[in-house]
Structure formats: C-alpha cells, structure tokens
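Me: I would like to learn how to read a few local features of a protein model, one at a time. Could you give the general idea each time and then the case at hand?

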Amino acid sequence: MITIYSMAHRLHDPSWEVLDGERVAHLEKPGRAEAVVDRIRELSLGPIRPPEKSPKALIERVHSSEMVSFLAKASTLWQASGRTGEATPYVWRQPRATGRPSHVDGLIGSFATDLATPITSTTWEAVLESAATAVSGAHLLLAGEPFAFALCRPPGHHAGRDFYGGYCYLNNAALAAELLCDHGQVAIIDIDYHHGNGTQDIFYHRNDVAYVSVHADPATTFPYYSGYPSERGEGQGFGANRNITIPAQAANQVWLNALENAVVFTRRHRPRFLVISIGLDTCAADPLGQLTLRSVDYARIGELIGREGVPTLYVLEGGYEKHGTAASLANVILSHQETL
Ligand code: OKP
Ligand code: ZN
C-alpha cells in the first residue's frame with residue numbers, strides 16, 4: 001500500500017470553532033494527520049510519497065469557479081477589511097435569496113454552511129495540497145496499484161459544488177473520483193460518522209460515480225439537512241445515490257451490517273474503482289462520534305472492502321482523537337492488505 005502525504009497540511013491550523021454554543025479549541029488539528037503518518041511508518045505499512053499531480057483541472061470540474069476563486073482570495077479580502085483573525089461568516093444566505101454581495105461578510109456566508117470551517121492566511125495552500133494528495137492517490141490506481149491511501153488534511157466530504165463547511169473546503173474524494181471516472185465506473189463508499197453531503201451534492205445527477213454513505217441519522221446529527229434514505233439521486237443519477245442511516249449510538253454490529261449493505265449496493269454499479277471516504281470518528285474515543293467501533297471492527301472493514309477485489313483508494317476524512325484515529329486506520333489498512 002502506498003500512502004500519499006504532504007506536510008503542507010500543517011499550514012492549516014484553525015484555532016477555534018463553536019460547539020454546543022461555546023467557543024472551543026478547533027478539533028481538526030495537524031496532530032491528527034501526524035499521528036496517522038507516524039503509525040504508518042512505525043508499522044511499516046508501505047512507502048510514503050508526496051503528492052505530485054496537480055488537482056487544478058479536476059477542481060474546475062467538481063467545484064463552481066465562483067467558490068474556488070472566493071476560497072483562493074478569502075483571506076486577502078478578510079485582511080483588506082481590516083480583520084486580523086480567521087475568516088468566518090456571521091450571516092448566511094436566506095432561502096431563495098439570489099444577491100451576490102461584494103463585501104466579504106456577505107460573500108463568505110453565501111458559500112460557507114457553518115461556523116466550523118475558518119480560513120486562515122495559509123488555509124488555501126493546505127487545501128490545494130490536500131486536493132493534490134487525493135488526486136495523486138487516484139493516479140496510482142490508474143498506474144495499476146491495487147490499493148492506496150490519500151492522507152488528506154483538511155478533509156473534504158462536506159464540501160459541495162458551490163458550498164464548503166464541516167471542516168472541509170474542497171472535496172478530495174470527489175476530485176479523485178472525477179479523475180477515475182474518465183477510465184471506468186466509480187463507486188464511493190463513505191464510512192465517516194457523518195453524511196458526506198458535499199459528495200452527494202457533486203454526483204447527485206450522475207450515474208458514472210455512485211455514492212453510498214453509512215452515517216448517523218441526520219435527524220439528530222450534523223450535517224442535519226441531507227443524508228436521508230429518501231435521497232436517491234435525480235435524473236440520470238436516480239438510483240446511484242444511497243444513504244444508510246444508523247442511530248447516533250448504534251451497536252457495532254448494526255454499523256457493520258450497514259456497511260455490508262453499502263458494499264452490496266456498489267456491486268450493482270460494477271465499479272472499476274472504489275474510493276473510500278474513511279472517517280475514524282466512528283471509534284469509541286472520538287469526541288464527536290457516538291459509536292464504539294473497536295480494532296476487530298476496523299479489521300472487518302478492510303476485509304469487507306478488500307474482498308471486492310476492486311482497485312481501491314482510501315481518502316481520509318474525520319477522526320478527532322488522534323491515537324484512536326491512527327490505530328483504527330492502521331487496522332483497516334492491515335486487513336485490506338491481507339485480502340490482496
Ligand atoms: C466533519 B467530518 C457537533 C458539531 C459538529 C462539525 C462537524 C464536522 C465533521 N455538535 N460540527 O465529517 O468528520
Ligand atoms: Zn465525520
């Protein structure tokens with residue numbers, strides 16, 4: 001297994017977010033990715049290489065040019081307005097409103113979905129490198145690798161075509177899938193604790209990339225407004241989107257059964273490539289997720305996915321307790337590797 005990893009993620013180190021109505025230290029910290037790469041080295045899970053492919057052309061296909069140019073200049077606009085802190089919205093676009101304000105406060109609220117996704121002066125550089133990490137991982141599959149891991153940070157699955165949020169700016173897994181779908185059918189399996197509302201949005205009208213997600217019921221869990229089983233895709237994409245919800249505190253076996261159903265769903269789409277949005281916020285120690293998956297359960301994940309015998313790119317999403325994240329991810333990789 002080859003890991004793609006860049007230290008440039010350290011450039012993105014947001015200081016605060018709002019949780020339960022309180023201003024708290026941001027959970028999506030550089031130490032997460034560092035713990036994962038340390039564990040991969042420690043266990044000698046394979047070579048670790050920097051991203052070498054540009055994500056530029058794929059970013060243009062996946063995201064709106066309006067959002068991309070805003071993200072690229074957000075920090076500059078923020079500073080030009082005399083602010084010193086991290087760029088965050090305080091107002092959001094109301095339903096059906098179409099105005100395109102020029103002030104950064106109005107502009108930022110028309111793309112951001114929450115107050116958890118701040119932009120610092122070096123965020124964009126890290127975001128581009130995270131995108132390059134996923135795209136470089138996808139190139140490995142095109143070159144014949146059966147199994148690769150894109151150690152992305154910041155994560156991506158909450159970033160849609162023209163919105164960003166949930167710690168995500170550009171959708172890394174979607175960028176990888178967009179490249180791969182030029183060479184055959186793709187299925188994305190999203191096993192983060194949270195629904196990948198951004199990934200669903202990007203492929204909702206398409207059938208060349210199927211999307212299936214196992215996640216905590218959005219009726220009670222972030223991102224709240226999408227991720228319901230009734231969302232099955234539209235037009236050409238009808239039937240190529242599937243949401244499998246579980247109770248926020250589901251038993252481990254309930255979660256694993258849902259994963260088995262997700263894998264069965266992807267078979268109907270005969271994927272030539274699998275992209276796994278892997279979040280480790282399903283583990284017992286996680287401060288956001290309320291599940292209790294253990295090492296045996298993570299070993300089962302790698303086994304279930306590896307047995308499909310399809311070239312697979314894992315893309316890192318959430319996981320906010322760094323030791324649990326690193327250990328759980330390593331268990332997935334080890335068990336997937338055993339199926340090869
Ligand atoms: C990102 B990923 C919970 C608030 C949660 C943002 C969660 C982002 C999760 N009270 N706010 O899917 O791991
Ligand atoms: Zn998550």
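Me: Which pocket is the space taken by ligand 1?

Reply: This is a predicted model, in which local features need pLDDT of at least 70 and side-chain atom pairs count only at pLDDT 80 or more, while totals for chains, interfaces and linings use all residues. Residues are numbered from 1 along each chain as its sequence is written, chains are lettered from A and ligands numbered from 1 in the order in which they are written, and side-chain values use heavy atoms, with hydrogens and water left out. A pocket is found on a 1 Å grid over the protein atoms alone, as an open set of points with protein on both sides within 12 Å along at least five of seven lines, and a molecule sits in it if more than half of its atoms lie within 2 Å of its grid points. Here the space taken by ligand 1 is the largest pocket.

Me: Which residues are around ligand 1, and how many of the shell are nonpolar, polar and charged?

Reply: A residue is near a molecule if one of its heavy atoms lies within 4 Å of it. The residues around ligand 1 include L19, H157, H158, D192, H194, F222, D281 and Y320. The shell has five nonpolar, five polar and two charged residues, where Ala, Val, Leu, Ile, Met, Phe, Trp, Tyr, Cys and Pro count as nonpolar, Asp, Glu, Lys and Arg as charged, and the others, Gly among them, as polar.

Me: How far from an oxygen atom of ligand 1 is a polar side-chain atom of Y320?

Reply: A polar contact is a pair of N or O atoms within 3.5 Å; within protein, one must be able to donate a hydrogen and the other to accept it, and residues adjacent in sequence count only if both atoms are side-chain atoms. The distance for Y320 is 2.5 Å, while an N or O atom in the side chain of H157 is 2.6 Å from an oxygen atom of the ligand, and for H194 the value is 3.2 Å. The protein covers 85% of the 410 Å² of accessible area that ligand 1 has on its own, with areas taken from the Shrake-Rupley method and a 1.4 Å probe.

Me: Is N241 buried or exposed, and what does its side chain contact?

Reply: Buried means under 20% relative accessible area, exposed over 50%, and partly exposed in between, with a 1.4 Å probe and protein chains only. N241 has a relative accessible area of 3%, so it is buried. Its side chain makes a polar contact with the side chain of Q200 at 3.1 Å, and also reaches the backbone oxygen of E231 at 3.1 Å.

Conventions
1 Å grid on protein atoms, 1.4 Å probe; cavity = no way out; pocket = protein on both sides within 12 Å on 5 of 7 lines; lining within 4 Å.
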